[in-house]
Amino acid sequence: MSRRLKDSLTGYALLVPSAVIFVWFFFYPLYRLFVMGLYQQNRTGTAERWVGFSQYSDVLTGHQFTEGVRITFTYVLYTVPIGLVLGVLLAVAADRRLKGIKIFQAIFSSTIASSVAVASVIFFVLLNPQIGYFSQIQFFSLSHTDSALRGVALSSIWQNLGLTFVIVLAGLQAVPDEVQEAATLDGYGPVRRFFKVTLPLISPTLMFLAVVLVIFALQAFAQADILTLGGPLGSTETLVFKIFNSQQPLDQGTGAVMAIGLFGITLVVSLAQFLILDRRVHYGN
Amino acid sequence: MSEVAFEGVTKRFGEVTAVDRLSLAVRDGEFMVLLGPSGCGKTTALRMIAGLETVTEGELRIGDRVVNDVEAKDRDIAMVFQSYALYPHMTVAKNIESPLMARKFAVEAHGAPRKLTGEERTERVEQAAESLGLTDLLGRKPAALSGGQRQRVALARAMVARPAAFLMDEPLSNLDAKLRAQTRIELVELHRRLTTTFVYVTHDQVEAMTMADRIAVMSEGRLQQVGPPQAVYDRPHNLFVARFIGSPPMNTVPGTVVRTDGGTGVQLGGQTIDVEPVTAEPLADATSVIIGVRPEHLVVDPDGQAKAEVRAVEWLGHERLVICDLAGHQITVRQSSGDEPVAPGEVLSLTADPGQIHLFDPDTTERLN
């Protein structure tokens with residue numbers, strides 16, 4: 001056996017475990033989901049009928065799906081930019097050598113340790129119309145169709161802030177001091193230094209966070225389920241919420257198609273982010 | 001005016017005193033090298049000039065201005081960092097242009113300082129790039145440059161704003177030996193061309209000896225000696241300077257003063273060696289001293305008073321270093337390769353010109369003669 005062949009066989013052998021896991025838990029279920037989208041079940045789930053791609057075209061152009069997409073994208077717009085900016089601001093504030101700064105860093109990153117359920121319950125109380133601290137702020141009111149999604153977004157922003165903070169802080173700490181000092185000696189004050197040096201150097205970190213936060217937002221479910229049950233009047237029914245509600249045998253085909261649709265959207269959005277942002281991101285040496 | 005002067009400057013980091021009552025005047029247009037081992041405070045001193053560290057006590061002046069409370073960006077200083085500190089996301093041209101973007105410059109002889117126009121900036125960038133041979137690299141990013149090229153970009157960035165003084169923090173230490181030797185020459189030429197004050201920090205005595213107008217030797221936060229390289233080499237003020245400058249270092253051996261018929265001698269291990277009479281007060285009989293002789297000043301001579309046994313010989317091509325045992329102390333003798341060969345085990349009679357023998361006080365470590 002040639003050396004080359006041996007090497008490549010070893011390489012494939014090492015890939016087998018992860019390939020098995022991926023095929024078993026990801027590709028096969030995805031394939032099953034795709035097939036489910038081609039059938040319609042009867043009311044009791046005892047028989048299924050081939051309906052083919054017509055189900056795909058019906059569901060993906062139907063009001064339920066497009067409304068879910070609209071709500072989900074609005075939710076992305078509410079959570080991602082604000083979350084990123086707040087995370088960067090907190091990280092910049094905490095990125096200094098002061099006594100006791102670790103305490104602030106621990107506090108700012110603490111939301112990492114809270115689950116979506118915990119965050120949602122906290123905001124459920126805060127936004128409660130009778131007893132909540134924020135009950136007077138109509139902008140985040142969970143009782144109105146035009147503001148409920150903002151209330152749900154608020155809890156997500158808070159919950160993701162810890163993650164954003166920790167990752168941005170790590171990015172900031174990787175910026176060499178000497179480069180900052182060089183910019184100082186070149187005559188730049190702190191604000192210009194931030195935009196001229198710091199921001200470009202942490203851009204790969206921000207790019208990563210942007211992609212991750214968008215995917216989080218596209219998959220948002222528990223927040224809406226706990227805070228609003230999708231209401232009022234379906235105004236916080238995200239795509240995943242709608243998919244989750246398609247559990248009756250009669251709806252399973254529809255749910256499968258919507259899930260495939262969400263997968264496609266996530267894929268396209270992530271690719272687009274990489275393509276667009278990649279050109280503006282600097283990856284160092 | 002770009003004299004840089006420390007007047008009793010101290011810098012403390014908490015309990016640690018990094019620079020201790022430093023008084024040193026770097027003259028306008030001088031190439032001053034701050035030399036010392038790591039942790040001696042030389043980099044801290046440089047960073048105080050740059051404004052990257054505050055002054056705890058004392059006064060720091062650049063030109064006529066006390067700059068203790070002047071911000072780094074307003075000091076009209078350029079610095080070349082050990083890591084070069086180029087902006088990795090910008091092209092070479094943008095890197096060099098950077099200091100021109102933020103500041104105002106007195107372009108017209110009597111006009112108020114103003115921002116440079118795009119054309120003026122480009123012209124200056126091109127000039128700086130050309131003088132350092134970077135013209136073809138202007139469009140590249142730092143990641144696509146070699147170490148030597150990056151170093152030159154850092155120099156160009158420092159030059160372009162025509163600062164009052166250049167600060168350099170071990171700028172050659174990331175280069176390989178050959179390139180380092182080449183760059184030393186280029187730096188000296190650059191200094192001659194710019195006639196600007198250079199303050200250069202290094203732990204490498206070769207860099208200090210070859211480039212400096214004057215060397216300031218530092219140890220443990222204190223200034224040990226300032227002077228032209230040759231003067232520091234010929235007459236070290238104390239044991240630290242004597243041992244730090246010179247490669248291989250000066251031989252230092254403890255001994256005792258004895259009065260001889262001719263004048264003063266030093267006794268070590270039963271052997272007496274004549275030394276040049278001490279100029280200030282004559283040393284009392286039986287005073288303990290440390291005798292220092294540079295390896296190249298020890299010569300083999302049948303009449304030599306010091307007997308040393310050869311332990312090893314290191315051949316370096318153009319010269320050889322003979323490691324000997326002299327009354328229990330290891331000493332090094334530098335010989336040219338033309339000298340008669342010696343072998344381990346041989347006993348050499350060594351002598352030295354009395355004028356080349358240095359005497360130090362073992363307690364204060366100060367020079368005695």
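The model is predicted: local features need pLDDT of at least 70, side-chain atom pairs count only at pLDDT 80 or more, and totals for chains, interfaces and linings use all residues. Residues are numbered from 1 along each chain as its sequence is written, and chains are lettered from A and ligands numbered from 1 in the order in which they are written.

Start with chain B. Its C-alpha trace spans about 80 × 45 × 40 Å along the principal axes. Chain B has 8 helices and 20 strands. Helices (H or I, at least four residues) and strands (E, at least two) are DSSP runs, numbered from the N terminus. Of the 369 residues of chain B, 38% count as buried. Buried means that 20 or more other C-beta atoms, placed from the backbone, lie within 10 Å of the residue's own; exposed means 12 or fewer, and partly exposed is in between. Among contacts in chain B with a separation of 6 or more, 65% join residues 24 or more positions apart. Here a contact needs C-beta atoms, placed from the backbone, within 7 Å.

Domains come next. Their bounds come from an automatic or database domain assignment. In chain B, domain 1 covers 4-243 and domain 2 covers 248-360. Their C-alpha centres lie 40 Å apart. The contact takes 5 residues from domain 1 of chain B and 7 residues from domain 2 of chain B. The domain 1 side has 3 nonpolar, 1 polar and 1 charged residues. In these classes, Ala, Val, Leu, Ile, Met, Phe, Trp, Tyr, Cys and Pro are nonpolar, Asp, Glu, Lys and Arg are charged, and the others, Gly among them, are polar.

Now look at strand S8 of chain B, residues 197-202. How many of its residues are buried? The count is 6 of 6. In a regular strand the side chains alternate between the two faces of the sheet. Both faces of S8(B) are covered. B:Thr197, B:Val199 and B:Val201 are buried on one side, and B:Phe198, B:Tyr200 and B:Thr202 are buried on the other.

S8(B) has two parallel partners described here. Strand S3 (residues 31-35) of chain B pairs with S8(B) over 5 bridges, and B:Met32 stands opposite B:Val199. Strand S7 (residues 165-169) of chain B also pairs with S8(B) over 5 bridges, with B:Ala165 as the bridge partner of B:Thr197. Pairing requires at least two DSSP bridges between the strands. S7(B), helix H5 (residues 177-194) of chain B and S8(B) make a right-handed β-α-β unit. Right-handed means that, with the strands pointing away from the viewer, the path from the first strand over the helix to the second runs clockwise.

B:Val199 also belongs to the largest nonpolar core, which has 149 residues. Such a core is a set of buried Ala, Val, Leu, Ile, Met, Phe, Trp, Tyr and Cys residues joined through C-beta atoms within 7 Å. B:Met32, B:Leu34, B:Ala156, B:Leu167 and B:Val199 touch the most other members. Helix H6 (residues 148-173) of chain A gives this core its largest share, 11 residues. Leaving aside neighbours within four places in sequence, B:Val199 has contacts including B:Val4, B:Val26, B:Leu46 and B:Ile49.

Finally, the two chains meet. The contact takes 18 residues from chain B and 18 residues from chain A. On the chain B side, strand S6 (77-80) and helix H2 (92-102) each give two or more residues. That side divides into 13 nonpolar, 3 polar and 2 charged residues.

Conventions: Two residues are in contact if their C-beta atoms, placed from the backbone, lie within 7 Å.
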